[in-house]
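Here are my notes on the model, as numbered points. Have the structure open while you read, and start with the charged pairs.

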Amino acid sequence: MMKKEDVAGNEIIKREKYTKYEKARIIGARALQIAMGAPVLIDTDKTDPIEIAIEEFKKGVIPITVRRRRW
Amino acid sequence: MEEMNVSDHRDSQASEELKDLADFAVTDVDFEVEDLLEFVGEEEALDIIRMRYIHEDGEVKTSDIEERLLRSNLPERLRRILKRKLRAVREKLTRDALERIVRRAEAEYEEAKVEPNEAVGIVAAQSIGEPGTQMSLPGDERILIVERGVMRSERIGDFVDACISKYGAVVEGEAEICHVNENFFVLSLDNDGKLKWKNVKYVIRHEFDGELLRLRTKSGREITATPYHSFVTKKGGRIFPIAGSMLKPGERIPVVRRLPPLAVDCDCAISPSPETSPEASKRCVERERKVEHASTAYMLGRMFAENEYAFSFLNDDLLNGSDDFIKEFLRGFFAAVPLTGHPASDEADGEGCGDAVVNVRFHDRRVRDDFALLLARFGIFTLKSESAGDHLLLIPLSSFAAVFSGDCGCDSDEEDVVWDEIESIDFRRTSDRVYDISVDGLETFTTHDGIITHNTMRTFHYAGVGALYVTMGLPRIMEIMDARKKPSTPTMSIKLRGEYARSREKAEEIAAEIEETRIKDVARIEISLDEKCVFVVFKSEKLAELRIQREDIEAKIQKMDVNMEKIGEDILRIYPKEESYYELLRLEGRISEMLIKGIEGIKRVLVRKDKDGEYTLFTEGSALKKVMRIEGVDPTRTTTSNIIEIADVLGIEAARNAIIEEIISTLEDQNLDVDPRHISLIADAMTMDGEVKQIGRHGLAGEKASVLSRAAFEVTVEHLLEAALRGERDELLGITENVIVGQPIRLGTGAVELVSKIPMSRENTDRPPEIADTKEGKDKKTGN
């Protein structure tokens, strides 16, 4: 299984599924951005930031990912 | 789950699903089968598909299976299991099916995995009852007891008190437990729904100050018990024990429908022990004679009815009579009582055919209850009620008719019990003693009213010799987690090897080998004050029984640096070195307590045959190292409940597994189902440094680096003071400390670190310029 790493040797891109916590965090952060006025990256009629974020997540367009550190 | 061991509980979920997966190899095929099925049978359809696929892709070889499995992300253990199963059905496999199966396995495995950062180890606090206390009946509740072939009803308080005065009781915690040596039998419900007369093993009594609950059932029966007293209920076809406090109106408890006879043609329904059967047979004979006087029975019945049930209680002999006798009695009775049945209200039993009931009115409650038992002999279930100060008995005519006139085609193949619905539950305060009975086998016994109740006193039973009282429930869990060096009830379970496991004699030999035997157990020790010596008089039978040689004992005494004289074959005279009174007493003490056989620490040994027919030894007291060495003992299957000892003798990993095993079994005992992950986390934490550490402040909790965490656990002020004095620093890495300061914790969502995916290259002109230019912007963290 290939892992991409950044300069510091931390795994930067998650190749497999996100854990439910990562998913929740990502959607949450994105929803906050949307709520604060960030441009929406998909075409939708929804009005609730969380719902929009969820749709963006499902379409895979959220520009946020997870860094997994080696603790 | 044959290959399960506790260290792989993480895979346990996935394994369950995989179990039969491979068996679906061909049935789980695609739509083509369904198409074909319209025209040909299933077998042919499958054959056609098989042939087609095999023709196209070739046969699935073992190497194909292996290769596909290696490519999957399944762990070694699961790969092995799956490989075995797939190979077994290899001929039926197609490549497609193989692929589908492995994919499905992978998916199930992923599902079952714990996610990283999941908070594990939070065990919901469920109520684990303190065992052995407060699960009893008040003294005035009457129960059915059979003694020497005769059934009677007696107040449980009187019965237990009498036993205790006769046999004495051992005090365990708050309870007094009396081991009953006589053969008393109570009516007990078995797993198969049958009622049998079973031996009483123990009776228990303890003080109680609190609320009793009283259950009333739809059939008019009632029972009063402590809230923790357990009953038996049936849900989803399964019979299991349930605490009284958990019962609600609408739930069902078992009530006697058919009373098994005590003596049927001298083939006693009670399993006779040598003492009772001559008596019981004698009574059988007596009763047989009574049957000859069928007319007597009939007359009695009529008299009973005509005198308006003026008998103050039904004759003991009648209750214990043979079926025929009772039948005649009832015939006579009902000859005099008008059988004007009237249609039942919907409260009558839903027996099936014919719902008319007969109402019989009694003045005396006991007589009514006794009469109900009489009818129960024939499997007639009656309803009880009260009206205008009288006690009524509703007898369903249908079953009555079935028994006495044989017309009705009612189903007589019924259970011995009726699952009676609870109508109401109310409370009553008391501070009297309460009582309980422990029965061999299923631990249930019956009240005079016919209600079957359960005793959850947790003891090991060994028919005839005794039982081990083992700490269970919450106190046991606390013991384990505190890593107590000396558990309160250490016990060992010793499995034997080869012929020792198969023969009771050999097993008992070993038991004698290891059980502590001291001089006082085999000899009489006396001090003679005028001669200033100690006399030791051997009891030859004991010595022979335990196979101890006098010479060995003598040798041991010699070693004690005293003057020993042998007077006669069985008598020793021993002089202490100093001629003082004090020395004499000391000498007596030392001699009587001297260990001559057995292993120090093993106070008692029980031999018991387990379900596989092997003889196993159970001990009170634990000495693993020495016991494992004894010839005949199987050291690979012998264990103890003393975790520290296991760590000493078998190593830390064994201790880890023992912790898991003990906790899980304690929880299972209480019917609590906790995911093994939580337990294994605790066990790992306790053993991670190579020794068994307690959870408390002298162990895990106390070793935490965080000041706040330790302060929040125990001894708050001291920790804070020390830390302040030393200028300590708390890195705020753990859960407790972050909760205290109000920050998100590093579990679950808090463990996620987000990073921007926007590529940082100078050519990307879509980005806002300020972000590209700053160095910090290179690594933009989002969210709060």
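1. First stop is B:Arg155, whose side chain meets that of B:Asp158 in a salt bridge, at 2.8 Å from N to O. A salt bridge here is a side-chain nitrogen of Lys or Arg within 4 Å of a carboxyl oxygen of Asp or Glu. B:Arg155 is partly exposed at a relative accessible area of 30%, and B:Asp158 is partly exposed too, at 37%. On the wording: buried means under 20% relative accessible area, exposed over 50%, and partly exposed in between (1.4 Å probe, protein chains only).

2. Before going on, the ground rules. This is a predicted model, where local features need pLDDT of at least 70 and side-chain atom pairs count only at pLDDT 80 or more, while totals for chains, interfaces and linings use all residues. Residues are numbered from 1 along each chain as its sequence is written, chains are lettered from A and ligands numbered from 1 in the order in which they are written, and side-chain values use heavy atoms, with hydrogens and water left out.

3. Now look at B:Arg476 and B:Glu662, another salt bridge with 2.8 Å between N and O. This pair ties together distant parts of the chain: B:Arg476 sits in helix H14 (residues 473–481) of chain B and B:Glu662 in helix H23 of chain B, 186 residues apart. Helices (H or I, at least four residues) and strands (E, at least two) are DSSP runs, numbered from the N terminus. Are the two partners buried or exposed? Both B:Arg476 and B:Glu662 are buried.

4. B:Arg637 counts as partly exposed because its relative accessibility is 36%, whereas B:Asp634, at 10%, counts as buried.

5. How many salt bridges are there over all chains? The count comes to 46. There is also a network of salt bridges that links B:Glu516, B:Arg518, B:Lys520, B:Glu593 and B:Glu600. As background, side chains of opposite charge can pair when their charged atoms come close.

6. The axes of helix H22 (residues 643–650) and helix H23 (residues 652–669), both of chain B, come within 7 Å and cross at roughly 155 degrees. Axes are lines fitted to C-alpha atoms, for helices over the stretch in contact, and angles run from 0 to 180 degrees between N-to-C directions. H22(B) and H23(B) are therefore roughly antiparallel to each other; the cut-offs are under 35 degrees for roughly parallel, over 145 for roughly antiparallel, 65 to 115 for roughly perpendicular, and oblique for the rest.

7. Most residues other than glycine have a negative phi. B:Ala483 has a positive phi of about 50 degrees although it is not a glycine. B:Ala483 lies in the loop between H14 and strand S23 (491–495) of chain B, and counts as buried at 14% relative accessibility. B:Leu732 also has a positive phi, near 55 degrees. Its loop runs between helix H26 (716–726) and helix H27 (735–741) of chain B, and at 26% relative accessibility B:Leu732 counts as partly exposed.

8. Now a pair of contacts across the sequence. B:Ser680, in helix H24 (residues 676–687) of chain B, is buried at 13% relative accessibility. B:Ser680 is 24 residues from B:Arg656 in sequence and 8.1 Å from it in space, C-alpha to C-alpha. B:Asn73 sits in the loop between helix H4 (62–71) and helix H5 (76–88) of chain B. From B:Asn73 to B:Ala105 there are 32 residues in sequence and 9.6 Å in space, C-alpha to C-alpha.

9. Finally, chain A. Which elements does chain A have? Chain A has two helices and three strands, in the order β-β-α-α-β along the sequence. Of its 71 residues, 37% count as buried.
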